[in-house]
Amino acid sequence: MEQPGAGNIVGQDCSFSHEDENETFYLRGLKLAQIKEKGINPYGERFERTHLAEEIKENYEICQGQQVVIAGRLMAKRGHGKATFADLQDLSGRIQIYLRSNEIGEEFYALFGKVDLGDILGVEGSVFKTRLGEVTIAVKSFVILSKCLRTLPEKWHGLKDIELRYRQRYLDLIVNPDVKKTFIIRSKIIQAIRRFLENRGFLEVETPMMHPIPGGAAARPFITHHNTLDIDLYLRIAPELYLKRLLVGGFEKVYEINRNFRNEGISTKHNPEFTMLELYQAYADYADMMNLTEELINTIGQEVLGSAKIDWEDLEINLSPPWKRLSMSEAVKEYTGLDFNEIKSDGEAVRAAEEIGLEVEKPGTWGTTLNQVFEERVESKLIQPTYIIDYPVDISPLAKRKENEPRLTSRFELYILGREIANAFSELNDPIDQRMRFEEQTKKRMAGDDLSHMMDEDYLKALEYGMPPAGGLGIGIDRLVMILTGLNSIRDVILFPILKPKEQVSHENKDL
C-alpha cells in the first residue's frame, strides 16, 4: 500500500520502483524532499578540498588550529544534545568531525539532522584534539554533495551471501577498507611493472582485441560479428602473435598489459576476462626471461609491499632470487618416482602413468602424458617460487625446440603456492617448423580438440620475413596480485568479476 505523500517523493521526484519503497528508503526520500524545500541542492557541484583525512591525522602538529576543507562519506554519527560527533571517510581513511549548534547556528545544525549515514559531505573547520586524543575537525560549515537513499550495510562481514560483495562492489569498497587496499595495491603493482620495464628499454604497445584467427594460447575464444565487414571475429585469447609480428618489424623490446578473454570455466583461479603482462625481447632466450621474471617480481615485492617475503596463512613465501629450477621430467621423478627420461615410447608413457593411478587422456603421447602427470601429481606441491622448464613439444606449439632433445622445448612456467603465474619461451622463429606445428594442431582440431591452434597464414608469412631469436614472457596479473595480497579467490582481485545473473542464481536456489 502506498504511504501518504510517497507518490510525490518517490514516483514523481525520483522515479523509483515500488520494490524500492521500503520504510528506510521512504524516510530518506522525505528528508531529501525537505532539503530541497529549503532551496538546497543535495547533489552538489564541484568541491575543492585542501586535505585528505589521513594527511591531517599524520601531520597534526602542522594542521593543529588550521582551517581545513575535506570531503567524504558519513560513516558514523553520534549526537549529544546540541553537539554531534561524526566520522567522515575519504580514500585515505576516516577522520572525526564535531558540530555544535552555537558554532554553526541552529538552522545549520538542524540541517545536519537531515543528514544520514552514507551521505557525501564537504566540510570546512579547524583541527583540534579531543580529551581522548582523537584528531578532530570542529565544523564551521558543511555542504551536502550527494544524498544517500539506501542504508549502508552495518556488518559487512556478517553477510552470508558472499557474491553480494562482487555484485555490488561499490558497497564492498565503501564499508570494507581491506578491499579498497587490495585494489590500491593492484594499481601499484601495475605501475611498478611499467616502471621496471620502461627502465630496461621496453616499449609499451597496443595490439588488437578482435582477431580474425584466435592464437597465442590453447583456449576457447568468444566469437563476435562485425556487421560492416560481415565477418566473425574472436575476442583476444592472447596478444602473442601480434607482439611477435612487431619483433619482425624491428621493435626489439615490447610489452603489453592486456585484457584477454577465454570462453571457459569460472573458478577461484579463473575468470573469463583477465589481465596479462606479455613481453618480448629480441636476441634473448628463456633463460633471460627467467632472470627477468624473478627480478621483476622481487622488485614489485620490495617496492609495493616493502619486503621480498610474503606471509601466506602459516607459510612464508620468499621472492628473493635465485629461484629453484627443475625440468618437468625432474619434477615428476622427484614427486612420483616416474623417470620419463627413461621412457621412450608413447605407449610406455601411458602405461607408466596408469600404473600410478592416472586415467590418461587419449590419445596420450609421451609429452601429453608427462604433462598430465605433472599437473595432477606435482603442480600443487610447488609452494616456493619454482621454474618448471623444458616442456614437451606436444603442448608447446610456439616454443623453440631444444637442440639436444627434440621432444622438448625451451619453455618454462613459474609456480608459486601451487599456481601457475608465468609462462615463457625461447620463441620459435623457424617458419617451416612453425608451419609443421600448426599443421599438427589443425589435425587435432579437426579430430575434436577445439583448444588446438588454427592455421595462421599471415603469422607464418611474417616469420618468413625473418624474426630475430627472442625470449617471450606472459605473467597473469590477477594471480600475481592474489599471491602478493594473500587472497585465495581471483574474484577478490578483480573489481567486477563475471557472475551468473542474479535471477538465474535465485531460480537455481529455489529448485534445490
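On this tour, a contact means heavy atoms within 4.5 Å. Keep in mind as you click around that this is a predicted model.

**Stop one: E240.** Select E240, which you'll find in helix α10 (residues 240-248). Buried or exposed? E240 is buried, with a relative accessible area of 4%.

**Stop two: a helix pair.** Next, pick helix α9 (residues 177-198) together with helix α17 (residues 477-485). Their axes come within 10 Å and cross at roughly 120 degrees, so α9 and α17 are oblique to each other. The crossing is right-handed. To see who does the touching, show side chains for T182, I185, R186, I189, I190 and I193 on α9, then I477, D478, L480, V481, L484 and T485 on α17. Colour that contact by class and you get eight nonpolar, two polar and two charged residues.

**Stop three: the barrel.** Switch to cartoon and look for five strands that close into a barrel, in the order β1-β2-β3-β5-β4, with mixed pairing. Neighbouring strands in this sheet are turned by 55 degrees against each other on average, ignoring direction. Zoom in on β2 (residues 83-90) and β3 (residues 93-100): these two run antiparallel, joined by eight bridges.

Terms used:
Residues are numbered from 1 along each chain as its sequence is written. This is a predicted model: local features need pLDDT of at least 70, side-chain atom pairs count only at pLDDT 80 or more; totals for chains, interfaces and linings use all residues. Side-chain values use heavy atoms; hydrogens and water are left out. Axes are lines fitted to C-alpha atoms, for helices over the stretch in contact, and angles run from 0 to 180 degrees between N-to-C directions. Helices (H or I, at least four residues) and strands (E, at least two) are DSSP runs, numbered from the N terminus. Angles under 35 degrees count as roughly parallel, over 145 as roughly antiparallel, 65 to 115 as roughly perpendicular and the rest as oblique. A crossing is left-handed if the near helix is turned anticlockwise from the far one by less than a right angle, and right-handed if clockwise. Ala, Val, Leu, Ile, Met, Phe, Trp, Tyr, Cys and Pro count as nonpolar, Asp, Glu, Lys and Arg as charged, and the others, Gly among them, as polar. Buried means under 20% relative accessible area, exposed over 50%, partly exposed in between (1.4 Å probe, protein chains only). Two strands pair if DSSP finds at least two bridges between them.
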